[in-house]
Amino acid sequence: MRIALFPLNTVLFPGGVLPLRVFEARYMDMVRDCMREQTPFGVCLITQGAETGKAAQTEAVGTLAHISDWDMQQLGVLNIRCRGGQRFRVLERSVESNGLARAEVELLDPDEDRPLAPEHAGCAELLRRIIDDLRAQAALQEEGDSEGSAASPFEPPYQLDSSTWVGNRICEVLPVPLKAKQKLMELDDAHTRLAIITQYLKQHAVLK
């Protein structure tokens with residue numbers, strides 16, 4: 001599979017929500033092509049370089065981004081909303097004359113989803129509280145702001161009984177370095193990911 005790459009200072013997890021403001025010509029063209037052909041692009045964490053300018057170096061494992069919505073409220077700035085799909089590993093990478101990176105990738109198998117283990121129930125309850133707080137804040141903002149509220153970082157259905165869904169969503173909001181999030185995203189076992197998260201939250205007294 002050959003895809004365009006969008007190097008970013010973020011880690012996209014499968015099932016995650018990624019809003020982006022696109023203004024560089026190479027990425028405007030990339031988004032146009034993806035929407036026309038109904039194909040995803042790849043999001044990879046930057047290891048060296050920046051999101052703008054010269055093509056950055058990235059991690060070898062990334063996540064497909066499927067465009068779900070877009071608008072252009074400001075001329076020359078495209079706002080898109082993406083949903084994380086399957087993970088992939090970069091096999092071969094090249095950079096075009098306009099600075100857009102493309103890669104031959106192999107798709108990685110999705111996590112084997114299993115019901116949430118009892119020892120990880122605290123993660124699901126924490127996530128439930130976060131979702132409830134975000135929904136309450138959105139409702140208050142809608143009441144007081146005629147322009148509406150920002151879209152939620154989590155999309156329903158909320159699969160609070162899924163080890164994969166809970167682990168990925170908790171990882172997205174954990175206050176840890178991006179390198180640590182990358183390692184968590186690369187794990188191919190949802191139970192192991194949740195075990196690491198649970199230990200971290202207990203060490204920081206978030207969970208008992």
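## Aromatic cluster

Phe 6, Tyr 27 and Phe 41 are linked by ring pairs into a cluster. The model is a predicted one, and the count of aromatic pairs in it comes to 3. One of these joins Phe 6 and Phe 41 in a tilted arrangement, with 5.9 Å from centre to centre and 50° between the planes. Because Phe 6 belongs to strand β1 (residues 2–8) and Phe 41 to strand β3, this pair ties together parts that are 35 residues apart in sequence. Both Phe 6 and Phe 41 are buried.

A further tilted pair is formed by Tyr 158 and Trp 165, at 6.1 Å centre to centre and with 55° between the planes. Tyr 158 has a relative accessibility of 27% and therefore counts as partly exposed, since the buried class requires a value under 20%. Trp 165, with a relative accessible area of 5%, is buried.

## Surroundings of Phe 41

Phe 41 is part of strand β3, which covers residues 41–48. The relative accessible area of Phe 41 is 0%, so this residue is buried. Residues up to four places away in sequence aside, Phe 41 touches Ala 4, Phe 6, Leu 20, Met 30, Cys 34, Thr 63, Leu 64, Ala 65, Ile 67, Ile 80 and Cys 82. Between Phe 41 and Val 22 there is a separation of 19 residues in sequence and 13 Å in space, taken from C-alpha to C-alpha.

## Strand pairing

Strand β3 pairs with strand β5 (residues 61–74) in the antiparallel sense, over 3 bridges. Within this part of the structure, Val 43 has Thr 63 of β5 as its bridge partner.

Strand β5 also pairs with strand β6 (residues 77–95), again in the antiparallel sense and over 10 bridges. Here Gly 62 has Phe 88 of β6 as its bridge partner. The strands β5 and β6 form a hairpin with 2 residues between them, and Gly 76 in the turn has a positive phi of about 90°.

## A buried arginine

Arg 26 is located in helix α1 (residues 25–37). With a relative accessibility of 5%, Arg 26 counts as buried, because the value falls under 20%. The side chain of Arg 26 reaches the backbone oxygen of Gly 53 at 2.3 Å. Apart from neighbours within four places in sequence, Arg 26 is in contact with Glu 51, Thr 52, Gly 53, Lys 54, Ala 55, Asn 98, Gly 99 and Leu 100.

In soluble globular proteins, nonpolar side chains tend to be buried together. The largest nonpolar core of this model has 25 residues, and the members that touch the most others are Cys 123, Leu 127, Val 166, Ile 170, Leu 174, Ile 197 and Leu 201. Two or more residues come from each of the elements α2 (121–144), α3 (163–173), α4 (178–186) and α5 (190–203). Helix α2 gives the most to this core, with 5 residues. Leaving out neighbours within four places in sequence, Leu 127 is in contact with Phe 154, Leu 160, Trp 165, Val 166, Arg 169 and Ile 170.

Key:
Residues numbered from 1 in each chain as written. Predicted model: local features only at pLDDT ≥ 70, side-chain atom pairs only at ≥ 80, totals over all residues. Heavy atoms only, no water. Helix = DSSP H or I, 4+ residues; strand = E, 2+ residues; numbered from the N terminus. Buried < 20%, exposed > 50% of the residue type's maximum accessible area, 1.4 Å probe, protein only. Contact = heavy atoms within 4.5 Å. Pairing = 2+ DSSP bridges. Phe/Tyr/Trp six-rings, centres within 6.5 Å; stacked < 30°, edge-to-face > 60°. Polar contact = N/O pair within 3.5 Å; in protein donor to acceptor, adjacent residues only side chain to side chain. Core = buried A, V, L, I, M, F, W, Y, C linked by side-chain atoms within 4.5 Å.
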